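Open the model in a viewer and keep the selection panel at hand. The stops below are meant to be taken in order.

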Amino acid sequence: MRKVLMANHAVSIGVKLSRVSVVAAYPITPQSQVVELISEMCADGEIDAKFLKVESEHSAMACCIGAALGGSRVFTATSSQGLLLMHEMLHWAAGSRVPIVMTNVNRSVSPPWSIWTDQTDSLSQRDTGWIQLYCESNQEVLDSIIQAYWIAEKVNLPFMVVFDGFYLSHTNEAVDIPEQSDVDRFLRKFRPKFKIDVKKPHAFNSIVYPDAYMEFRHMIKESMDTVPAVVNKCGAEFGKKFGRVYGTLEEYRNEDAEISLITSSTVTSTARIVIDEYRKKGIKAGLIKLRLFNPFPREDILNAIRGKRKVGVIDRNYSPGNGGVFAQTLRANIIGNGDIPEIYPFIVGLGGRDVHLGVLNEAIDIMASNKKIKAGEEIWLDLKK
Amino acid sequence: MARPKKVRIPSEEFFHPGHYACQGCGAPIVGRYLLKALGKKTIIVIPACCWSVIQGPYPYSTLKVNVIHTAFETAASTAAGIRASLEMQKKNDVNVVALAGDGGTFDIGLQALSGAAERNDDIIYVCYDNEAYMNTGIQRSSSTPLGAWTTTTPGTHYKDRPKKDIIQIMAAHRIPYAATGNVAYPEDLYVKFKKATTMRGLRFFHILSPCPPGWRSSSEDSIKIARYATWSKMHPLYEVYDGEKYVVRKPEKEIPVNDYFSLQKRFAHLTEREVDTIQQMVDERWESLLRLAS
Ligand SMILES: Cc1ncc(C[n+]2csc(CCOP(=O)(O)OP(=O)(O)O)c2C)c(N)n1
Ligand code: SF4
């Protein structure tokens, strides 16, 4: 069935199709509609789930951890300050090895107060042990929620599906809604690896001494290392069933490109147009859309950038003192892998500033002009003087 | 209320010996009687506090039931999540219990507790109150009584504000049951825990639990000190049903607060006048409690 949906509601429908049974959430713009629709569907009996209307995001995540350890498939959604308030519990979720799925609608962090999009909120949670995946369209949002449960439950790690506030959250697009029976066949019943059972008592998350802590972290590493392959496998199987193939990244006219842009989220759609225009001008430009950010799909990225002269990273986020998080992470992951292209880190569109065609044109022009970039330096585009 | 007669406490234990508490600690007693009353179909949620140590390090456990450790301020919300999951699986014969210290209850965890109480989540919340943050080295909490020494309220600047009245706060949420308890009265504890299992919604316990290193008292005096807390009305035993019906148990003996203080060095710096002021406050609180119960 095709329906015109805003991304927020695409999430709610993805949650319904995934047969989530416990939801705990706290409202924040621009996420609120995600849980409003879920709560409506719970009230109407369209979803067989318990919705805990908690008093904070911190508690929302604690509830989700409890419910997941109880053996339920759970969901929450948040944004910006809400995600930041959850920070401590994000570590608890990953350490508890519970496959919680959460949506974070990207919104800039305060102060100054701003409700518009910017990826600093989710990217600043990089080190909490959550898988992070960034979406470009409402279709991808819905499909990714279903895939997120598939993946998270395979690797026993929590999963954050991320997309741009307002640019996507409140934009209506035609979305193909899969049949429940097809989703049921694709996403099997949740069979938790770790759960509370009164017949088999266990102690979860006890104190560990230095002789054991490191091994627990290493087990997370072992699971994390498998994630890129699992994401590709899941995306391919999803493609077989629903006709839409997904992977850790997506290349656009990138095969023979000399200059490539790496983008994420909605900026990708603008970048496709820019790439087409430069191709028309005879410049071999290409595009790599990064879908999976954490863990960083190192092998896939290396394959996609190999042989390029220059690669520009479009970061819609800023880590003070470090620059753009995507660019920093890319550099850290490719150094030492032989001949690698020159990296151009761009900071764009913070706090919801429009990333129009001209901004991306400028990025490509800078790369084409052979301007040298010092290590650790980033280029801010469309900054008012 | 008369002393409960002939309470038969089951001999079955769900708590192993060889736990990690200090000698004379009240906290293990709380857990022990709690589980005797609740049985093995119980899930215990423990936030950061002495009990997260008492329960034992990986791969051991001093409890024969499921235990979930969680962040300091999330005992109530983690328990609420577990309950929601069990409810969806129609497993309705399991007790979900949060077992937390006074810091995790009166202070950092109060928001989550208030949220759970307002929603009337179906959990049992047990606060064992040792009147300070003991796990991190005896810092004051909002449960530390007026006049007490702690490492952040040194003798020269002792705690200058009264203890937060947690039961009143919980009662104001109109939860079905809120009760105080004291490790010196195990039968009373057992009866109240049992009573809680016959109810649904948020059931709250505030249990006084001595801490020899924190109260600067001797280990062998713990139970005596705890009993003196009730005799001196520093920690009266009472219950509140639905936020309004108060049932108070009169102590079998009455003593001045100074008798209670003199067994602990944490009050040693107090002058006679200061002790008199505290006595006056305690008497007034007791009177108002009796008025609520009448
Ligand atoms: C967010 C956070 N802040 C601080 C701590 C450190 N901490 C651990 S236990 C504790 C005190 C616990 O006090 P209480 O709840 O009274 O229990 P007790 O240790 O007295 O049994 C503190 C401050 C923590 N674990 N988490
Ligand atoms: S420090 Fe106090 S409360 Fe903690 S285990 Fe020791 S006696 Fe018990």
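The tour goes from the ligands to a helix and then to single residues.

This is a predicted model, in which local features need pLDDT of at least 70 and side-chain atom pairs count only at pLDDT 80 or more, while totals for chains, interfaces and linings use all residues. Residues are numbered from 1 along each chain as its sequence is written, chains are lettered from A and ligands numbered from 1 in the order in which they are written, and side-chain values use heavy atoms, with hydrogens and water left out.

**Ligand 1**

Select ligand 1, which lies between chains A and B. A residue is near a molecule if one of its heavy atoms lies within 4 Å of it. Of the 18 residues around ligand 1, those that come nearest are G103(B), G104(B), Y128(B), M134(B) and N135(B). Helix α4 (residues 102-107) of chain B gives the most to this shell, with 3 residues; helices (H or I, at least four residues) and strands (E, at least two) are DSSP runs, numbered from the N terminus. The shell divides into 9 nonpolar, 6 polar and 3 charged residues. In this division Ala, Val, Leu, Ile, Met, Phe, Trp, Tyr, Cys and Pro count as nonpolar, Asp, Glu, Lys and Arg as charged, and the others, Gly among them, as polar.

Next, show the distances from the oxygen atoms of the ligand. An oxygen atom of ligand 1 is 2.9 Å from a polar backbone atom of C50(B). An oxygen atom is also 2.9 Å from an N or O atom in the side chain of N130(B), and one is 3.1 Å from an N or O atom in the side chain of D102(B). Taken alone, ligand 1 exposes 590 Å², of which the protein buries 77%; the areas come from the Shrake-Rupley method with a 1.4 Å probe.

**Ligand 2**

Move to ligand 2. Its surroundings are A21(B), C22(B), C25(B), C50(B), N130(B), M134(B), C211(B), P212(B) and P213(B). This shell has 8 nonpolar residues, 1 polar and no charged.

**Helix α9 of chain A**

Select residues 267-280 of chain A. At 1.5 Å a residue, the 14 residues of this helix should span 20 Å, and the end C-alpha atoms are 20 Å apart, which agrees; the expected span is 1.5 Å times one less than the number of residues. Its buried residues (under 20% relative accessible area, 1.4 Å probe, protein chains only) include V267(A), R272(A), I275(A) and Y278(A). Among the elements that cover the buried residues are β10 (249-252), β12 (285-290) and α12 (357-368) of chain A. After the helix comes G282(A), with a positive phi near 90°.

**R200(B)**

Where is R200(B) placed? R200(B) sits in the loop between α7 (186-197) and β6 (203-208) of chain B. Leaving aside neighbours within four places in sequence, R200(B) is in contact (heavy atoms within 4.5 Å) with N92(B), D122(B) and P176(B). The side chain of R200(B) reaches the backbone oxygen of N92(B) at 2.8 Å.

**Backbone stops in chain A**

Finish with the backbone of chain A. T29(A) and P30(A) are joined by a cis peptide bond, with omega about 0°. Another cis peptide bond joins P111(A) and P112(A), with omega about -10°. S80(A), in helix α4 (residues 80-96) of chain A, has a positive phi near 45°. S80(A) counts as buried because its relative accessibility is 0%.

Key
Polar contact = N/O pair within 3.5 Å; in protein donor to acceptor, adjacent residues only side chain to side chain. Buried < 20%, exposed > 50% of the residue type's maximum accessible area, 1.4 Å probe, protein only.
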